[in-house]
Amino acid sequence: MSAPLPEYALNRRRFLTVLLAGSAALAFGDLAVPRQARAAASGPFTLPPLPYPENALSPAISANTVGFHYGKHHQGYVNNLNQLVAGTPLADQSLEAVIKTTTSKPDQVAIFNNAAQVWNHTFYWNSMRPNGGGKPSGALAELIEKSFGDYDKFKAEFAKTATSQFGSGWAWLVKDGDKLIITKTGNADTPIAHGQQPLLTVDVWEHAYYLDYQNRRADYVAAVLDKLTNWEFAEKNLAA
Ligand code: MN3
């Protein structure tokens with residue numbers, strides 16, 4: 001139950017820091033202005049709209065979880081990133097360029113972490129859809145068979161990778177040459193920092209599932225694979 005509280009507490013502290021620094025417009029806006037306008041007003045990076053209503057993934061993922069995860073955590077990474085790059089050349093770069101520029105640089109860890117988390121979460125929301133999950137079709141189905149044997153073997157390996165990530169992180173389906181592989185990354189790390197092309201991801205930070213599943217990460221991952229996986233999004237990434 002430890003992950004949501006420290007992150008939220010961090011956002012609160014940043015909020016107070018901004019308030020004390022005299023940026024009254026931003027601080028007040030955080031309370032009063034609608035989400036999109038608020039993000040746009042505070043810096044170059046914005047929170048992309050959620051691709052579906054907050055309750056659309058229920059019961060696999062509740063509206064309560066999506067509300068906190070998108071509205072507090074994802075928004076928090078956007079806010080942090082905007083504060084960290086303000087007045088630097090990174091403020092004029094794309095999100096992907098910021099990630100690639102700051103990866104593996106010890107003095108830019110905070111910028112990398114927040115930029116990568118903004119990107120990873122946008123990718124995560126798009127990796128799911130209401131009434132998704134189950135087996136893919138077409139070229140993707142063939143590639144799953146070629147790479148893993150069959151869909152059930154793919155699913156078992158993905159679930160094993162997602163549940164074995166120690167602590168916070170992400171599980172990914174990644175394009176690797178002419179086949180697919182399953183990988184995991186710790187904390188904010190992301191395949192695009194390593195030149196890889198991801199097709200899908202599942203967030204395995206506790207904040208992604210604790211309100212609904214408590215410590216049962218395996219049940220959360222199974223629900224995503226069975227009910228929510230957005231294979232159309234994966235197909236689009238495969239063609240990219
Ligand atoms: Mn998350």
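**Strands and a manganese site**

Mentor: In this predicted model, strand E1 pairs with strand E3 (residues 197–203) in the antiparallel sense, over six bridges.

Trainee: What makes E1 and E3 a pair?

Mentor: Pairing takes at least two bridges. E1 and E3 have six, so they pair.

Trainee: What lies between E1 and E2 in their hairpin?

Mentor: Two residues. Gly177 is in the turn, with a positive phi of about 65°.

Trainee: Why is E1 (residues 169–176) called mostly covered?

Mentor: Six of its eight residues are buried. Buried means under 20% relative accessible area.

Trainee: Now the metal. What makes His69, His121, Asp203 and His207 donors of the manganese ion?

Mentor: A donor is an N, O or S atom within 2.8 Å of this metal. NE2 of His69, His121 and His207 and OD of Asp203 lie 1.9 to 2.1 Å from the manganese ion. These atoms therefore count as donors.

Trainee: How are the donor residues spaced in sequence?

Mentor: The pattern is H-x51-H-x81-D-x3-H.

Trainee: Why is Asp203 called buried?

Mentor: Its relative accessible area is 0%. The limit is under 20%, so Asp203 is buried.

Trainee: And why does His207 count as buried?

Mentor: His207 has 6% relative accessibility. That falls under 20%, so His207 is buried too.

Methods. Residues numbered from 1 in each chain as written. Predicted model: local features only at pLDDT ≥ 70, side-chain atom pairs only at ≥ 80, totals over all residues. Heavy atoms only, no water. Donors = N, O, S within 2.8 Å, 3.2 Å for Na, K, Ca; no water. Buried < 20%, exposed > 50% of the residue type's maximum accessible area, 1.4 Å probe, protein only. Helix = DSSP H or I, 4+ residues; strand = E, 2+ residues; numbered from the N terminus.
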